[in-house]
Amino acid sequence: MQVQRLKTIYKPFCQKNGFESIEIAMDTSSVLSRLYTSMVSIPKLIKSLKDSDEIVIQYPIYSKIITKSLFNSLDSYSGKLILIIHDLETLRLNLDNVSKRDEELFQLNNVDGLIVHTDSMREWLIDNGVTTPMVVLNLFDYLNPQPIIDDLDYKKSVVYAGNLMKSEFLSKLNPSGYQLDVFGPNPLPNFPIGVNYRGVRNPDELPKELQYNFGLVWDGSTPETCDGMFGEYMRFNSPHKTSLYLSSGLPVIVWKQAAIAKFIYNHKLGIVIDSLDQLSSEFNKISDNDYQQLKKNTLSYAMRLRSGRNIMEAIIQLENVIAQEK
């Protein structure tokens, strides 16, 4: 029996493929509640899984106490332990914090396998001493309940969806020759002419609003490049919004130095650029026929993301790698 631990975006995909989902009620409202979860609930759960052959956990778990308890309890577990990396905090927030970096890398070296975002993330982990077997996911699957709009004319329309607190570049953008609509919390007090704020939508409802030609994947303070903490993280991660757009049938616009840029370019799922200042000229190079081919490729890949094929193939591939190394 294979067991998936903790609620993740992959829960429905894994359950369809023979996984059992086991939840822990994690009350983090007080220190006593976290201690009860870490000292009673987690050890009891891990003990009950002694007959399972594999546990898959989405990592990180955003509680230091609970994470420590979980890994300590798993020391006595005899089956395989696989982590799906949702975020790598060392790269995202703690790159200059040596003690936190070493603590995280130690945890990653004490499991049987890792599913990582990109080749760049994999290479960074290897360069920093992680020897655990790894496979690359490339793009997150996305459980998207909304019908795909597949008959839009090419009007050079662009959408950006996400937490606008980390999207300062929008305040400096000067769209010319294209339309940009923005969704998300924490909007700017004012947006430039040509940037239209469309409010906040429920995650399940947002995809049906995405009736645009392209979805923008960008982070940082400037349209010229992706910079700062979150911009630099794009050199390693696979942003969740990329899968939101693609699963909705939208080709994407990606920073050329992002870790996913090569994958997007090779699979013809969008365009890659150095700067948003290039966007108007890039759009002018795309004919209606060119766009329809991008759209066709994206619609095909959307079905893959909606079915959960990426994660299930990654798990099978990793199981094979682990078996060969033992």
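Reader: How many helices and strands are there in the protein?

Author: There are 13 helices and 12 strands. Keep in mind that this is a predicted model.

Reader: What share of the 326 residues is buried?

Author: Buried residues make up 53% of them. As for the surface, the protein exposes about 15,400 Å², and carbon and sulfur atoms supply 49% of that.

Reader: Asp102 is called partly exposed; why that label?

Author: Asp102 has a relative accessible area of 40%. Buried means under 20% and exposed means over 50%, so with 40% Asp102 falls in between and is called partly exposed.

Reader: And where does Asp102 sit?

Author: Asp102 belongs to helix 5. The C-alpha atoms of Asp102 and Thr90 are separated by 8.8 Å, and the two residues are 12 apart along the chain.

Reader: Let's turn to helix 6. Which of its residues are buried?

Author: In helix 6, which spans residues 119-127, they are Met121, Trp124 and Leu125.

Reader: What makes you say that those buried residues line one face of helix 6?

Author: Look down the axis of helix 6: the buried residues fall within an arc of 100 degrees, so they line one face of the helix.

Reader: What covers the buried residues of helix 6?

Author: The cover includes strand 4 (80-85), strand 5 (113-116) and strand 6 (134-136), along with helix 4 (89-92), helix 5 (98-108) and helix 8 (228-233). After helix 6 comes Gly129, with a positive phi near 95 degrees.

Reader: Now the sheet. In what order do the strands of the open six-stranded sheet come?

Author: The order is 9-8-7-10-11-12, with parallel pairing.

Reader: Why are strand 9 and strand 12 called edge strands?

Author: Strand 9 (195-197) and strand 12 (270-273) each pair on one side only. Neighbouring strands in this sheet are turned by 25 degrees against each other on average, direction ignored.

Reader: How do you know that strand 7 and strand 8 count as a pair?

Author: Pairing takes at least two bridges between two strands. Strand 7 (residues 157-161) and strand 8 (residues 179-183) have five bridges, so they pair, and they do so in the parallel sense.

Reader: What about strand 7 and strand 10: how many bridges join them?

Author: Two bridges join these parallel strands. As at least two are needed, they count as a pair. Here Val158 stands opposite Phe214 of strand 10.

Reader: And how many bridges join strand 10 to strand 11?

Author: Three bridges join strand 10 to strand 11 (residues 252-255), again running parallel. Leu216 has Ile253 of strand 11 as its bridge partner.

Reader: What makes both faces of strand 10 count as covered?

Author: In a regular strand the side chains alternate between the two faces of the sheet. In strand 10 (residues 214-217), Phe214 and Leu216 are on one side, Gly215 and Val217 are on the other, and all are buried.

Reader: Last one: how are helix 12 and helix 13 packed?

Author: Two packed helices are described by the angle between their axes and the distance between the axes. For helix 12 (residues 288-307) and helix 13 (residues 309-325), the angle is about 65 degrees and the axes are 5 Å apart. Helix 12 makes the contact with Tyr301, Arg304, Leu305 and Ser307, and helix 13 with Arg309, Asn310 and Glu313. By class, that contact has two nonpolar, two polar and three charged residues.

Technical notes: Residues numbered from 1 in each chain as written. Predicted model: local features only at pLDDT ≥ 70, side-chain atom pairs only at ≥ 80, totals over all residues. Heavy atoms only, no water. Helix = DSSP H or I, 4+ residues; strand = E, 2+ residues; numbered from the N terminus. Axes fitted to C-alpha atoms, helices over the stretch in contact; angles between N-to-C directions. Contact = heavy atoms within 4.5 Å. Nonpolar A, V, L, I, M, F, W, Y, C, P; charged D, E, K, R; others polar. Buried < 20%, exposed > 50% of the residue type's maximum accessible area, 1.4 Å probe, protein only. Arc of directions from axis to C-beta. Areas by Shrake-Rupley, 256 points an atom, 1.4 Å probe, with all protein chains shown as cover.
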